[in-house]
Amino acid sequence: MDPYRVYVTRRIPKPGLDLLAECCEVEVNAEDRPLPRTRLLEKARDVDGVIGLLTDRIDAEFFGAAERLKGYANYAVGLDNVDLAEATRRGVPVSNTPDVLTNATAEMAWALLLAVCRRVTESDRVMRAGRWTGWGPLQFLGTGVTGRTLGIVGAGRIGTAMALMSRGFSMPVLYHSPSANPVLEKELSARRVDFDTLLAESDYISLHAPLTPQTRHLFGTEAFAKMKPTAYLINTSRGPLIHESRLVEALKEGRIAGAGLDVYEREPEMAQGLSELDNVVFTPHTGSATVAARTDMALLAARNLLAMLRGERAKNCVNPEVYESKSPSGS
Ligand code: DGY
């Protein structure tokens, strides 16, 4: 039997590619940048499997082109780039990469939180520019975290990990999530609250919800008005949860104290004026960017795809209902 043909839309860590190469003919986008749409559609046409990224739109047009596709593995835990309903309608299994990036992303949320409230990058810029004039009692006064209230929006794996990491800071924890989180309630005596209570009572709000029609622009003028003017907003989930130009206004006008952002509404761009603000710390969507997490994501995506190519149920299949209509061997 001919080996399976697999396309990978951008270079990923080698262990994942090596695993695929053991039994597949693997082609990888040779350029280390997002694959142009036309190339994606062209490549999809004659492969059995694709590993794609959050920058690839895996929609009805893609599935229409990918006639012989046996599986699609997303190299991300977030799935907002994938039209899952369409994949399911066409019987194509889809997988993602949960768990392996949980701690890395939660750690990045903390890195942003501490950096913005203690003005780390702002100070760093002054030092590099040789503008520090020596110690002064009123220089770079920030806000501490110990004992202050942490609000988590979306208490799934990453939100839970982020909250659990607050233990060293003895923070009261609030969370807003579609379902109760017994781990947070047991370990941290966290309180599940409605959105407005979370906005009103939190000193730090960290976003960990998926991007859906319900969460798009969850944070806009109305939400900022309900937050404390001393509160900070941290986002390591998806950019469109925040209305970015409204965030610029809120930050400029001091309606909230600051923000730590890893994700943006229209990546790689940022809303006008955002980069000029000193009370924001930026990272370039690198929440999962540790060597270990990105390598494990590659291995997981490869293992998932191999299972899908063989007609087996992939460990991280997100639309297992596709197997229900298939033969028992695939169940
Ligand atoms: C994800 O996995 O969804 C992140 O945004 C990238 O690792």
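**Close-up views of a ligand site and a domain interface**

The protein chain is divided into domain 1 (4-100 + 291-324) and domain 2 (102-282), with bounds from an automatic or database domain assignment. This is a predicted model, where local features need pLDDT of at least 70, side-chain atom pairs count only at pLDDT 80 or more, and totals for chains, interfaces and linings use all residues. Residues are numbered from 1 along each chain as its sequence is written, and side-chain values use heavy atoms, leaving out hydrogens and water.

**View A. The residues around the ligand.** The shell consists of L54, A76, V77, G78, L101, R238, H285, S288 and M297. By class, the shell holds 5 nonpolar, 3 polar and 1 charged. Here Ala, Val, Leu, Ile, Met, Phe, Trp, Tyr, Cys and Pro count as nonpolar, Asp, Glu, Lys and Arg as charged, and the others, Gly among them, as polar.

View B. A backbone N or O atom of V77 lies 2.7 Å from a ligand oxygen. For G78, a polar backbone atom is 2.9 Å from an oxygen atom of the ligand. H285 uses its side chain: a polar atom there lies 2.7 Å from a ligand oxygen. The ligand alone exposes 230 Å², and the protein buries 90% of that (Shrake-Rupley method, 1.4 Å probe).

**View C. Where domain 1 meets domain 2.** The domain centres, taken over C-alpha atoms, are 32 Å apart. In contact are 8 residues of domain 1 and 5 residues of domain 2 (heavy atoms within 4.5 Å). The two domains bury about 570 Å² between them, 47% of it on carbon and sulfur atoms. Buried area is the accessible area (1.4 Å probe) that two parts lose on being put together, summed over both. In domain 1, L54, D80 and D99 lose the most area to domain 2, together 64% of what that side buries.

**View D. Salt bridges between the domains.** Domain 1 and domain 2 share 2 salt bridges (a side-chain nitrogen of Lys or Arg within 4 Å of a carboxyl oxygen of Asp or Glu). R238 pairs with D80 in a salt bridge, with the closest N and O atoms 2.9 Å apart.

Terms used:
A residue is near a molecule or strand if one of its heavy atoms lies within 4 Å of it. A polar contact is a pair of N or O atoms within 3.5 Å; within protein, one must be able to donate a hydrogen and the other to accept it, and residues adjacent in sequence count only if both atoms are side-chain atoms.
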